[in-house]
Amino acid sequence: MTHTSVRWSPLGLALTLLVLCALGIALGSAVGSTGVESWLNAWQDNVAWQIVWDIRLPRTLGACAAGALLGLSGALAQGLFRNPLADPYLLGSASGASLGVAVALALLGGSPLASELLVRLGLTGAAFVGAVLAVMLTLLLSRGVQHTLRLLLAGVIVGVVLGALASLITLMRPDVLQGMQGFLLGSTSFIAWTSCVLMFGVLAVCVVLALALSRVLDALTLGESTALSLGLPLAPVRVALVCVLALATGTAVAQTGLIAFVGLAAPHLVRSMVKAKHNWVLLLSALMGGALLLAADLLARLVIAPQEMPVGVLTAVLGGGYLLWLMSRSQHMRVAR
Amino acid sequence: MTAPRQALRVCDVRVSLGGQAVLHGLDLSFSAGRWTSIVGPNGAGKSTLLKTLAGLLPTQGRVFLFDQALQTMDRKLRAQQLSWLGQNETASDDLRVWDVVMLGRMPHQEWLAAPSAQDHAAVDTALKATQAWDWRERSLGHLSAGERQRVMLARAMAVQAQVMLMDEPLANLDPPHQVDWLEQVRCLTSQSTTVISVLHEVGMALHADDMVVMQAGRVVHQGACADAATHRAVEAVFDKRIAIHALDGQWVAVPKL
């Protein structure tokens, strides 16, 4: 058997991705409707400074954090469910988060007092609760995680039903339609410093927890019986993993809406470049997700400049193309063997 | 003369899977430091019995590991004393062989602790014993099915448990490596390890010290592999389609055509 793919060392890939992220953040603060002048004049011009500091930098850093959260949760989902096709959204967490946001907007969106409350808390809480409940509902319907097909079907069902409920709410309360549309298309345009800090804070917590649980993901690849025979407390660990998964997904989705494929593609890209244990895969998937969404955010600003494309649309198109390429490549490899 | 120490004992064990009774009130004991093979036709309940012995299935009745009730034993202590190799066990293609075998040391490690020198030594020994040492840096995805099986065997051996349970450990192994496995089991039992294996190749199973013959969820016979009564029981559960003969000092199972 010959192996033609280039193998990276985990540390080498991590450093490369960090450099790419730094580059993306620098570029992200320079690119926008007012062009690079704002960046060059930021020290002299107050308006230019505001554009760079209050708009471009938080959205760029926010895109990086949201991508990292999605990449991390994608790697967690694939490890937890031992299925390379699992992504956080497939288990209904995105629809759950959408429903949570729709309910929150419908219930609290009316009064000025409630709006203030919403601003303070953000929609993270609602999205988080929605995501957790949706994943729990999926696990309940599939009666555990042992049967992959049942799990995926349950995820699809939960996704469709909760998505329909969110649509019903927007139909009954048209005033939340605009907020929901921005949410469903996925956008990094409105990320402020508070969201940014929140996402990086949650990311730090999730990365630490995920790394602490990573050995269980390694053991789970041996199969459930063997993992149990190694003395692992599988039930509580699964609950912990699902909580981390839901927290990461819920936080990202609440701040940026539904951004497709980053959670699925980032771990795939990492695994195609690095063969490593889950601790590295989780960390690198977070970095890869951050770099991917940064790149997508930059493209979204450039493709139809001076107008902007919702970044979720771009990641859906690029991610779909990537998966198609992956499928055709694996077919070619099978034929070659 | 004192009675041999019992490594595992089951009392009136019943198991139902999907609402269907698979094991019907079994009473068995397995002597320490011996190799027992479990044989029987397809669907006899061999793998279910092995999983029950490992404490991996909800059961009615009692299972004792060195006279301690398995169900109430500390999870980690049980994992240190009882090693399990599942049927068609595999791991992620992305993991290095060395990392897979190191997973076998989990029962001996603290949650976030780095592997100790003892862990390293156990992994090295297991890799060398299964002739998997040379691929320790390769990822599992780059190995053949037989090579993977040897890595999985090394993973189970790295636990260094007093009791090893193996379900179809010879799957995908070529004849020379089947012989290596037999030698390895002999080496383990000489060090007082108890080995219990499910094998569908009766010829290989006859190399064990003792044999449990099963049919339709019941034990029809338990005895030494060299006993004529054991041979008759094996022939009977396979509808007399095989015959057991002696050849060059070994027992062989020959198909009756």
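Where does B:Ser116 lie in chain B? B:Ser116 is in the loop between α3 (97–102) and α4 (117–129) of chain B. Helices here are DSSP runs of H or I with at least four residues, strands are runs of E with at least two, and both are numbered from the N terminus.

The model is predicted, so local features need pLDDT of at least 70 and side-chain atom pairs count only at pLDDT 80 or more, while totals for chains, interfaces and linings use all residues. Residues are numbered from 1 along each chain as its sequence is written, and chains are lettered from A and ligands numbered from 1 in the order in which they are written.

B:Ser116 counts as partly exposed because 13 C-beta neighbours lie inside 10 Å. A residue is buried if 20 or more other C-beta atoms lie within 10 Å of its own, exposed if 12 or fewer, and partly exposed in between, with C-beta atoms placed from the backbone. B:Arg105 is 11 residues from B:Ser116 along the chain, and their C-alpha atoms are separated by 9.7 Å.

Chain B has eight helices and 12 strands. Its radius of gyration is 18 Å, close to the 18 Å that the globule rule gives for 257 residues, so chain B is as compact as a globular protein of that length. The radius is taken over C-alpha atoms, and the rule is 2.2 Å times the number of residues to the power 0.38. Of the 257 residues of chain B, 43% count as buried. Helix α1(B), residues 46–53, is mostly covered, with seven of its eight residues buried. Among them are B:Leu49, B:Leu50 and B:Leu53. Just after α1(B), B:Gly55 takes a positive phi of about 75°.

In chain A, helix α12 (residues 262–273) packs against helix α13 (residues 278–302) at an angle of about 120°, with axes 8 Å apart. Axes are lines fitted to C-alpha atoms, for helices over the stretch in contact, and angles run from 0 to 180 degrees between N-to-C directions. That makes α12(A) oblique to α13(A). Residues meeting across this pair include A:Val262 and A:Leu269 in α12(A), and A:Leu284 and A:Met288 in α13(A).

The contact between the chains takes 19 residues from chain A and 21 residues from chain B. Two residues are in contact if their C-beta atoms, placed from the backbone, lie within 7 Å. On the side of chain A that touches chain B, α10(A) gives the most, with four residues.

Note on methods:
Angles under 35 degrees count as roughly parallel, over 145 as roughly antiparallel, 65 to 115 as roughly perpendicular and the rest as oblique.
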